[in-house]
Amino acid sequence: MNKDFLIGCICIALSVTIFSTMEVFLKLPAVGAFDPMQLTLERAFVGGLLLIPVARYFLKKHRVKLTKRDYGYFAFSGFLTVVLFMALFQLAVTFGQANVVA
């Protein structure tokens with residue numbers, strides 16, 4: 001088995017586990033101090049900070065240059081993902097059942 005494939009599978013398994021348990025923790029009464037929208041923005045911000053060095057490394061390794069159009073695409077994609085999808089997801093967690101949303 002390819003080493004990169006194995007690392008990719010481990011990363012996917014970890015992200016699915018962390019992502020799926022978040023809804024349940026948001027619904028616990030003792031943990032009600034978390035605001036879902038704040039958690040969404042913080043998770044996106046931290047995820048971006050962690051991924052930027054990795055992305056820069058691979059872009060440099062493969063000698064890829066990003067254009068203004070690429071940055072525009074990334075900004076649009078980030079807006080759709082974080083602002084629309086994740087905001088609607090957190091509203092579903094807030095007003096729905098955590099097991100259904102997960």
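This is a short walk along helix 2 and its meeting with helix 3. The model is predicted, so local features need pLDDT of at least 70, side-chain atom pairs count only at pLDDT 80 or more, and totals for chains, interfaces and linings use all residues. Residues are numbered from 1 along each chain as its sequence is written, and side-chain values use heavy atoms, without hydrogens and water.

Start with helix 2, residues 36–61. Helices here are DSSP runs (H or I, at least four residues), numbered from the N terminus. Helix 2 has 26 residues. Just after helix 2, Arg 63 takes a positive phi of about 55°.

Now look across to helix 3, residues 68–95. Helix 2 meets it through Pro 36, Met 37, Thr 40, Leu 41, Arg 43 and Ala 44. On helix 3, the partners are Val 82, Met 86, Ala 87, Gln 90, Leu 91 and Thr 94. Contact means heavy atoms within 4.5 Å. Why might residues three or four places apart point the same way? An α-helix has 3.6 residues a turn, so they do.

How values were computed:
Helix = DSSP H or I, 4+ residues; strand = E, 2+ residues; numbered from the N terminus. Expected span 1.5 Å × (residues − 1). Axes fitted to C-alpha atoms, helices over the stretch in contact; angles between N-to-C directions.
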